[in-house]
Amino acid sequence: MKLFFSCVLSFISVIVFAQDKTNTSYVDVNYFRGNIALHNNEILHLITGHPDGVILSWNKKTYGFKDWEQRFNYPDYGVSFAYQDMKNPVLGNNYSLYAHYNFYFFKRNVMFRIGQGMAHNTNPYDRETNFKNVAFGSKFGSSTYVMLNYKKERIFDRFGLQSGFSLIHYSNANVKSPNNGTNSITFNLGLTYSLADKDLEYQHTLDKQADQDFSEPIKYNVVFRAGINESDIFGSGQYAMYVASAYADKRINKSSALQLGTDVFFSNFLKEFIYYRSVAFPEDGLTGNEDHKRVGVFAGHELFINKTSLITQLGYYVYYPFDFEGRVYTRLGLKRYFANKWFGVMSLKSHGAKAEGVEFGIGVRL
């Protein structure tokens, strides 16, 4: 808890000065309590209580001085720090740091927040001292949380209230096994505090028809991604993975583009896994020399939010010499554009609910 309070104080000391002429900001503190969902029977023995914790957030409000702010109904964006007590000493506790967006609906009374970041677990799996923790295989991993709240700001002076439900997901995306992860479904109650004397006026200058009529010629993208992962065999080792991608996209309006392309996967963990299966299970008829490379085709969508965009892709392996987790795969990720044509990308590749790895990459859009 000392770590938690030191982070809180540092957090507040930085953000209290974060005001400018086109934005204001506020902080919110949310207490949450709930249950760990049984998404996998292998974690049944770890669900022993009702996890609870605190989420502290700083939020920068937008008022439409930039077109993208009006396009998405004046969202907030900011950073969050979370502490979660898993209510089981085997699982330990989690400390997390996120970047998030808040989107508003129903006359800004309903807020939907999505945050993505990194988490630190205090008691990960160890085959000698903590072999029961099959949820968290490493101290550090990724975390995603979503929050749906009914919200009222400035109920009394600068203070407001919000309440609703949150889903908090922890996983290391198969960087190291085991990686069953946890999903906590919680109820949250929070207090908001505005850091400005008053809010600014919302701008209404966007030409919505021009937004919808906007289009671009087909653009061609080349991306190289890399990461580290491990098979589900505990202790089998971490190996580098590489992905080369090429795709075309068509911008259909200011917010969206459609994609069609191909991926080539070089997954070294799969090469080791094939050899392991050939030795441990000779009845499978494997030689150990089967090709570990895979080639997929995919269709996708890109949602543009300022210089950041959200990508969702659905793919199918057309070259699939070894059966591993099925032919269909998905990718969910974030892109950040810089220098006009270039972009960085971070994405999660998975087969259904089973993550294969986190990919970090760089690409160019021509």
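Trainee: How much space lies in the largest cavity?

Mentor: Keep in mind that this is a predicted model. Searching the whole structure turns up one cavity of 30 Å³ or more. The space in the largest cavity comes to about 90 Å³.

Trainee: Which elements give two or more residues to the lining of the largest cavity?

Mentor: The lining has 17 residues, and those nearest the cavity centre are Asn-121, Phe-136, Ser-138, Gly-141 and Ser-171. As for elements giving two or more residues, they are strand 5 (110–121), strand 6 (140–156) and strand 7 (159–171).

Trainee: And by class, how many charged residues are in that cavity lining?

Mentor: Go through the classes in turn. The largest cavity has six nonpolar and ten polar residues in its lining.

Trainee: Let's move to the second largest pocket. Which domains does its lining draw at least three residues from?

Mentor: The protein chain is assigned two stretches, 24–194 and 214–365. Their C-alpha centres lie 26 Å apart, and 14 residues of the one stretch are in contact with 21 residues of the other. The pocket lining takes at least three residues from each of domain 1 and domain 2.

Trainee: Which element supplies the largest share of that pocket's lining?

Mentor: The second largest pocket holds about 420 Å³ of space. At least two lining residues come from each of strand 12 (294–305), strand 14 (328–338) and helix 2 (67–71). The largest share is three residues, and they come from helix 2.

Trainee: How many charged residues does the lining of the second largest pocket have?

Mentor: There are 18 lining residues, with Arg-251, Phe-304, Asn-306, Lys-307 and Tyr-337 nearest the centre. Seven of the lining residues are nonpolar and two are polar. The charged ones number nine.

Trainee: Is Arg-251 buried or exposed?

Mentor: Arg-251 lies in strand 10 (residues 239–251). Its relative accessible area is 11%. Buried means under 20%, so Arg-251 is buried.

Trainee: Which residue's backbone oxygen does the side chain of Arg-251 reach?

Mentor: Leaving out residues up to four places away in sequence, Arg-251 touches Phe-214, Ser-215, Glu-216, Ser-256, Ala-257, Phe-304 and Arg-365. Among them, Phe-304 is also one of the residues nearest the centre of the second largest pocket. For the backbone oxygen, the distance from the Arg-251 side chain is 3.1 Å, and the residue is Asn-253.

Note on methods: Residues are numbered from 1 along each chain as its sequence is written. This is a predicted model: local features need pLDDT of at least 70, side-chain atom pairs count only at pLDDT 80 or more; totals for chains, interfaces and linings use all residues. Side-chain values use heavy atoms; hydrogens and water are left out. On a 1 Å grid over the protein atoms alone, a cavity is a set of points where a 1.4 Å probe fits but cannot get out, and a pocket is an open set with protein on both sides within 12 Å along at least five of seven lines; lining residues have an atom within 4 Å of a point. Grid points are joined across faces, edges and corners, and a volume is the space filled by probe spheres set on the points. Helices (H or I, at least four residues) and strands (E, at least two) are DSSP runs, numbered from the N terminus. Ala, Val, Leu, Ile, Met, Phe, Trp, Tyr, Cys and Pro count as nonpolar, Asp, Glu, Lys and Arg as charged, and the others, Gly among them, as polar. Domain bounds come from an automatic or database domain assignment. Buried means under 20% relative accessible area, exposed over 50%, partly exposed in between (1.4 Å probe, protein chains only). A polar contact is a pair of N or O atoms within 3.5 Å; within protein, one must be able to donate a hydrogen and the other to accept it, and residues adjacent in sequence count only if both atoms are side-chain atoms. Contact means heavy atoms within 4.5 Å.
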